[in-house]
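Visitor: I would like to learn how to read a protein model, feature by feature. Could you take me through one slowly?

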Amino acid sequence: MLDKIKALQQELENATASSQDDVELLRIKYISKKGSINQLFSDFKNVPGDQKKEVGKAINDLKNFALEKINSLRDSFESKTAETSGADLTRPGEPLRLGTRHPLSLVKNKIIRIFGRLGFTVAEGPEIEDDWHVFSALNFPPEHPARDMQDTFFIEKDPDILLRTHTSSVQIRVMENQQPPIRAIFPGRVFRNEAISARSHCIFHQVEGLYVDENVSFADLKQTLLYFAKELFGEDTQIRLRPSYFPFTEPSAEMDVSCSICGGEGCNVCKYTGWLEILGCGMVDPNVLESCRIDSQKYSGFAFGMGIERITMLLYGIKDIRHFFENDVHFLKQFGPAV
Ligand code: PHE
């Protein structure tokens with residue numbers, strides 16, 4: 001009997017398996033109900049009493065050895081199948097795809113950073129406004145056409161509540177709440193009752209700027225805007241101020257920059273003039289300062305306002321303003337990573 005046990009032990013020690021099926025065959029052969037080790041337990045009753053202790057221990061040891069051996073062979077196949085199943089366990093996880101910033105946000109942030117370097121802070125105001133902040137405090141006469149239904153979206157039929165047509169309303173809110181010195185820019189969304197086309201939309205964005213202090217002059221306005229234009233469009237950019245009219249500034253001007261596409265030579269973007277109009281500006285009208293209880297004898301200021309869509313179209317060569325609002329990812333993802 002002991003010889004038989006030794007022989008089985010030897011067999012098990014040498015046993016190998018090349019598949020999980022082989023392991024199963026070993027299990028059946030040695031440790032199943034009809035396997036050879038169980039057979040030994042059946043034969044045990046015939047072992048003479050004085051040998052029972054030794055033989056019993058030997059069978060138990062053999063059984064434990066067989067269990068361990070078969071389990072370890074099975075484990076080796078289980079880990080091997082994970083390795084060979086085609087799944088590359090060393091692969092890094094799925095990358096998280098980052099979105100990209102909307103081009104209007106990229107340009108808005110750029111404008112904020114440029115003015116930030118000149119000490120301008122950022123303020124915002126409501127999109128649903130009243131007549132006072134959008135028109136009256138800004139020196140619009142009662143019969144001004146901008147107040148017309150054709151240009152302005154009103155809320156319900158209350159002519160006093162409307163969607164702001166420009167961010168100049170935020171000038172008033174800031175000046176009502178703060179005495180000079182004031183140096184801030186106001187980015188935001190504005191609304192005009194206009195037909196939608198490649199060049200204009202009923203919703204767009206502006207950045208307004210305001211600087212009020214003692215002795216602020218037109219030269220300060222010009223130098224500030226020159227710095228801004230060079231930072232945004234490049235060091236070689238020149239500016240040109242043309243006389244214009246806004247109810248809330250006097251004198252008023254429109255600013256052109258030398259065409260960033262052709263460098264002033266003339267091309268179809270600048271309509272062969274070499275210049276691109278990008279903003280309106282002027283010295284804050286004393287009536288506006290007085291509307292906000294700021295002493296116009298003591299203080300003066302300048303203001304400017306620009307459309308973010310227009311500047312973004314110029315910077316990126318975008319030909320249709322409607323792209324900004326369609327949210328087509330093919331368009332949006334061209335504008336680089338989120339910054
Ligand atoms: N609010 C003017 C517009 O919407 C722009 C502007 C702002 C002009 C400030 C002068 C000063 O066209």
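Visitor: How far apart are the mean positions of the positive and negative charges of the protein?

Guide: Before any number, please note that this is a predicted model, in which local features need pLDDT of at least 70 and side-chain atom pairs count only at pLDDT 80 or more, while totals for chains, interfaces and linings use all residues. Residues are numbered from 1 along each chain as its sequence is written, and side-chain values use heavy atoms, with hydrogens and water left out. For charges, Lys and Arg count as positive and Asp and Glu as negative, without His or the chain ends, and each charge is placed at NZ of Lys, CZ of Arg, CG of Asp or CD of Glu. Here the 40 positive and 48 negative charges have mean positions 10 Å apart.

Visitor: What do domains and the radius of gyration tell me about the protein?

Guide: Domain bounds come from an automatic or database domain assignment, and in this case they give domain 1 (2-85) and domain 2 (103-333), whose centres, taken over C-alpha atoms, are 88 Å apart. The radius of gyration is taken over C-alpha atoms, and the globule rule is 2.2 Å times the number of residues to the power 0.38. For a compact globule of 339 residues the radius would be near 20 Å, whereas the protein has 41 Å, and its C-alpha trace spans about 125 × 45 × 40 Å along the principal axes.

Visitor: Which residues of helix 10 are buried, and what covers them?

Guide: Helices (H or I, at least four residues) and strands (E, at least two) are DSSP runs, numbered from the N terminus, and the protein has 12 helices and nine strands. A residue is buried under 20% relative accessible area, exposed over 50% and partly exposed in between, using a 1.4 Å probe and protein chains only. In helix 10 (residues 308-316) the buried residues are Ile308, Glu309, Ile311, Thr312, Met313 and Leu314. Their cover includes strand 8 (275-284), strand 9 (300-307) and helix 5 (103-117), and just after helix 10 comes Gly317, with a positive phi of about 65 degrees.

Visitor: Is Ser258 buried or exposed, and what is it in contact with?

Guide: Contact means heavy atoms within 4.5 Å. Ser258, in strand 7 (residues 249-258), counts as buried because its relative accessible area is 10%. Leaving aside neighbours within four places in sequence, Ser258 is in contact with Asp236, Thr237, Gln238, Gly274 and Trp275.

Visitor: Where does Pro48 lie, and how far is its C-alpha atom from that of Leu276?

Guide: Pro48 lies in the loop between helix 3 (36-43) and helix 4 (52-84), where it counts as partly exposed because its relative accessibility is 41%. The C-alpha atoms of Pro48 and Leu276 are separated by 113 Å, and the two residues are 228 residues apart along the chain.

Visitor: Which peptide bonds are cis, and which residues other than glycine have a positive phi?

Guide: Most residues other than glycine have a negative phi, and most peptide bonds are trans. Among the cis cases are the bond from Pro180 to Pro181, with omega near 0 degrees, and the bond joining Glu250 and Pro251, with omega about -5 degrees. Pro181 belongs to the loop between helix 7 (168-177) and strand 4 (182-191), but Pro251 is in strand 7. For positive phi, one example is Tyr272, at about 60 degrees, and another is Asn327, at about 55 degrees. Tyr272 is exposed at 61% relative accessibility, and Asn327 is exposed with a relative accessible area of 51%.
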